[in-house]
Amino acid sequence: MQLTLLPQQGELTIRVDERRLDAAIATAFKDRVRSMIGDSGPPVTLDLGGVDFMDSSGLGAVIAIFKSMPTGRPLVLARLTPNVERVFQLTRMDTVLNIRHDPTDAGQKERPAP
């Protein structure tokens with residue numbers, strides 16, 4: 001499981017450096033992100049720009065992370081690829097979750113090699 005923590009002033013960004021967010025890694029992903037977020041702190045941005053495929057298990061993991069966020073601490077999803085964004089749209093979770101559509105968001109400059 002490859003995640004990169006990008007602490008910034010006033011925001012915590014977690015970049016998902018996995019091509020697939022599916023049943024094979026969903027539980028580990030959820031647990032690891034929860035441990036990185038902690039119980040308090042700044043708003044959290046989950047950078048999904050490297051994720052090309054997400055199944056229902058991956059979606060469930062993201063929803064579980066969202067539900068575990070303390071009251072008043074937002075979770076923002078950023079840089080969704082078209083395939084991943086479609087999963088959120090088909091399930092109408094795009095109306096529940098805060099999705100940033102600006103492709104330059106998430107405070108990320110470098111990209112991992114494929």
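Trainee: In which strand of the protein chain is confidence lowest, and in which is it highest?

Mentor: This is a predicted model, in which local features need pLDDT of at least 70 and side-chain atom pairs count only at pLDDT 80 or more, while totals for chains, interfaces and linings use all residues. Residues are numbered from 1 along each chain as its sequence is written, and side-chain values use heavy atoms, with hydrogens and water left out. The score, pLDDT, is the predictor's confidence in each residue, from 0 to 100. Confidence is lowest in strand 1 (residues 3-8), with a mean of 87, and highest in strand 5 (residues 53-54), at 97. The chain averages 88, and 89% of the residues score at least 70. Over residues 105-114, however, pLDDT stays under 50.

Trainee: How many helices and strands does the protein chain have?

Mentor: Helices (H or I, at least four residues) and strands (E, at least two) are DSSP runs, numbered from the N terminus. Here there are three helices and seven strands, arranged along the sequence as β-β-β-α-β-β-α-β-α-β.

Trainee: What is the strand order of the open sheet?

Mentor: Strands of a sheet pair through backbone hydrogen bonds, either parallel or antiparallel. Two strands are taken to pair if DSSP finds at least two bridges between them. The open sheet has five strands in the order 1-2-4-6-7, with mixed pairing. Strand 1 and strand 7 (98-100) are its edges, each pairing on one side only. On average, neighbouring strands of this sheet are turned by 25° against each other, direction ignored. Strand 6 (residues 75-78) pairs with strand 7 in the parallel sense over three bridges; Ala 78 has Arg 100 of strand 7 as its bridge partner.

Trainee: Which residues of helix 2 are buried?

Mentor: An α-helix has 3.6 residues a turn, so residues three or four places apart point the same way. A residue is buried under 20% relative accessible area, exposed over 50%, and partly exposed in between (1.4 Å probe, protein chains only). In helix 2, the buried residues are Gly 58, Leu 59, Ala 61, Val 62, Ala 64 and Ile 65. With contact meaning heavy atoms within 4.5 Å, these buried residues pack against strand 3 (20-21), helix 1 (26-37), strand 5, strand 6 and helix 3 (82-90).

Trainee: What caps the N-terminal end of helix 2?

Mentor: Asp 55 does, through a side-chain oxygen that lies 3.0 Å from the backbone nitrogen of Ser 57.

Trainee: Where do Arg 79 and Arg 92 lie, and is each buried or exposed?

Mentor: Arg 79 lies in the loop between strand 6 and helix 3, and Arg 92 in the loop between helix 3 and strand 7. Arg 79 is buried because its relative accessible area is 19%, whereas Arg 92 counts as exposed at 56% relative accessibility. Neither is a glycine, yet phi is positive, at about 60° for Arg 79 and near 60° for Arg 92.

Trainee: With which side chain does the side chain of Arg 79 make a polar contact?

Mentor: A polar contact is a pair of N or O atoms within 3.5 Å; within protein, one must be able to donate a hydrogen and the other to accept it, and residues adjacent in sequence count only if both atoms are side-chain atoms. The partner of Arg 79 is the side chain of Asp 47, at 3.0 Å.

Definitions and conventions:
Axes fitted to C-alpha atoms, helices over the stretch in contact; angles between N-to-C directions.
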